[in-house]
Amino acid sequence: MSKTLTFRGILGPKGLEYDRSIDIAADGTIQAVRAARAPYDGFLAIAGMPNAHSHVFQHALAGFGEKARGDDSFWSWREAMYGLAGSITAEEVFAVARHGYARMLRAGFTHVAEFHYLHHQPDGGRGPEATHAVLAAAAAVGLPISLLPVYYRTSGFDGAGATAEQRRFAHASVDDFLNTVQALGAAAAGAAPHSLRAVPPAELADLVTGVDAVLGSESPLHIHISEQEREVEECRAVLDRTPIDLLADTVALGPRWSLVHATHATAGERSRLRECGARVVLCPLTEAYLGDGIFPAREHFVAEGAAAVGTDANVRICAVEEARQLEYGQRLRDRKRARLATDSGTGAPVWSWLAKGGGEAVSGSCGSRTGSASIGRIEPGYRADLVVLRKDGPHTAGHGLETLLDAWLIGGDDRDIQAVYIGGERRVERGSVADEAEIRSDFGKAMREIRRAI
C-alpha cells in the first residue's frame, strides 16, 4: 500500500530542503519528493546509513582482551577473535547477531553488508548453520542484508595453508568456495576475498571470474586491505609491492570494488582508487579500537573520492559516532577543526558522503543486488530508508534545520532519533525495535555461555 510521509525538512541530494512530502510506492521505493505543508510526521528526515562492513559475530567480543599484556595490537586481538570464532555455536550466533542488528537499526543503519566467514562448524566440519543464523537474525529484526561470503585460503603472504584456528573460515580452493556461494543461491549478494594475506594474488582472477558466473558481473566485491602497517611491510617483503598497488595490478578495479580500511594507502594508491571509481570503506570506531591508524579522509574527501562507513567489529554500534570519529580523527591528526566540512557545515556533507558511498558499496556497480531500488539517498527510485531526527532530542534541542545535523554529528547519539524507516515501514520508534526485551534477554544468555567458552 502506498503512503506519504511529510517532514519540516529533508536532507536531499543537494542539501537541506524545507517542507517536503515523500510519496512511497507499495514496494517501498520513493515515487516523488514534493513541496508540502504541516501536519508533519517528523522534523528532519535524512537517508538511512548503509553499514558497508560488519562481522556481526564479533559483537560478542566487546569487553574481552582489554587487560594490559605488553605490546598489544591487532595481531594479539586476532587471537582472542579466533577463540570466539572457534567456539561460538549457531544458536549463539543468532542471539548475538539479532542483538547487533537491532542495535544497528536503532542507531540509524538501514542496510548491512555482512562480511561473513563463519562458513563451517567450530571443528571445521561442513555445515551452513552459522550462515543461516546470520540471515535469520537480520530477517527477525527487519534489517536488509547483503551477505558477502568470504574466500579465505592461506594464513599469510607466503602462501602457507590456513591454520587450525582458521579452519572455520577456510576453503580448499576457489572452486570449493564457489560451491559454497552457489549453495546460498539468492542469499549471496556478492563475495569478499578476505585479504591478500588470505587469498594468493594468483587466485584473484579465477575468483572474480567464478563470482561473475555465479552472481553476475556487477555483484559487489569487498576486501580487507592495508589495514595494518605490518601487513603492508610483509606484502612488500614477499611480493615486492604495497597491497593496493598489487590488487590494482592483478584485477580490474572499478565501482563494484570496496576496499575496507585502506588505512595505510599511499597518496598514489588513493589516486588510483579514485581514477577507477573504487571506494574505501572506513570503520573509524574499530580502527581506533584496534589501534590501526587514521586514514587520510580529508584528502580523499576534498579530491571527491568515494567512501562508505562500517561497524566492523561491532564493539560500539552507532552510525553518527562512526561519522564523528572519522571527523574527529582528522582534527586530531591535523590539529585543526572542520576537516570534512563545506560551507553548509559538517553534519550534512559527511552524512551524505558516507550514505551515498554506502549505498554503492552494498549494491555493487548498479544496485541490482539490493533489489530493484538503490539506497543511500532521498530521491525518486531509491528505497525509502529514512532516519528521522528529533527537534527536542537531548543534543538537538533548540536547533533549527540549519544547525541540527552539525549538533548531532558533533555530540549526538541514538537518543536524538525519533524513528527509523525501512522501505517506508517504521522499524524503530523512540529507540525501540520489536521484541526488544526478548532480544536483550537472549543476548545476555548467549554472552554468559560465550564467556565460559572463551
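A: This is a predicted model. Met 49 has a relative accessibility of 0%, and therefore counts as buried, the cut-off being under 20%. Met 49 belongs to strand β5. Beyond the neighbours within four places in sequence, Met 49 is in contact with Gly 108, Phe 109, Thr 110, His 111, Val 309, Ala 319, Trp 351, Leu 354 and Ala 355. Separation in sequence and in space can also be set side by side for Met 49 and Glu 79: they are 30 residues apart in sequence, and their C-alpha atoms are 31 Å apart.

The strand that holds Met 49 is part of an open sheet of four strands, in the order β5-β6-β7-β8 and with parallel pairing. β5 (49-54) and β8 (192-193) are the edge strands; each has a single partner strand, so one side of each has no neighbour in the sheet.

The pairings can be followed across the sheet. β5 pairs with β6 in the parallel sense over four bridges, and Pro 50 has His 111 in β6 as its bridge partner. His 111 is also among the contacts of Met 49. β6 is joined to β7 by five bridges, again in parallel; here Phe 115 has Leu 148 in β7 as its bridge partner. Between β7 (residues 145-151) and β8 there are two bridges, and these strands also run parallel. Tyr 151 stands opposite Pro 193 in β8.

As for burial in the sheet, eight of the eight residues of β6 are buried, so that strand is largely enclosed by the rest of the structure. Helix α2 (residues 90-106) lies across β5, β6 (109-116) and β7, and runs at about 145 degrees to β6.

The packing continues into the nonpolar cores. In soluble globular proteins, nonpolar side chains tend to be buried together. The largest nonpolar core here has 116 residues, of which Tyr 101, Leu 247 and Trp 257 touch the most other members. Trp 257, leaving aside neighbours within four places in sequence, is in contact with Pro 193, Val 208, Leu 221, Ile 223, Leu 247, Val 251, Ala 252, Ala 278 and Arg 279.

The axes of α7 (residues 243-250) and α8 (residues 267-276) come within 9 Å and cross at roughly 35 degrees, and the crossing is left-handed. On α7 the contact is made by Pro 243, Ile 244, Asp 245, Ala 248 and Asp 249, and on α8 by Glu 269, Arg 272 and Leu 273. Those residues divide into four nonpolar, no polar and four charged.

Some backbone details in loops complete the account. The peptide bond from Ala 38 to Pro 39 is cis, with omega near 10 degrees; Pro 39 lies in the loop between β3 (30-35) and β4 (42-47). Ser 226, in the loop between β9 (221-225) and α6 (229-239), is not a glycine but has a positive phi, near 50 degrees. Ser 226 is buried, with a relative accessible area of 0%. Asn 314 also has a positive phi without being a glycine, at about 60 degrees. Asn 314 is in the loop between β12 (306-309) and α11 (319-334) and counts as buried at 0% relative accessibility.

Definitions and conventions: Residues are numbered from 1 along each chain as its sequence is written. This is a predicted model: local features need pLDDT of at least 70, side-chain atom pairs count only at pLDDT 80 or more; totals for chains, interfaces and linings use all residues. Side-chain values use heavy atoms; hydrogens and water are left out. Axes are lines fitted to C-alpha atoms, for helices over the stretch in contact, and angles run from 0 to 180 degrees between N-to-C directions. A crossing is left-handed if the near helix is turned anticlockwise from the far one by less than a right angle, and right-handed if clockwise. Contact means heavy atoms within 4.5 Å. Ala, Val, Leu, Ile, Met, Phe, Trp, Tyr, Cys and Pro count as nonpolar, Asp, Glu, Lys and Arg as charged, and the others, Gly among them, as polar. Two strands pair if DSSP finds at least two bridges between them. A nonpolar core is a set of buried Ala, Val, Leu, Ile, Met, Phe, Trp, Tyr and Cys residues joined through side-chain atoms within 4.5 Å. Buried means under 20% relative accessible area, exposed over 50%, partly exposed in between (1.4 Å probe, protein chains only).
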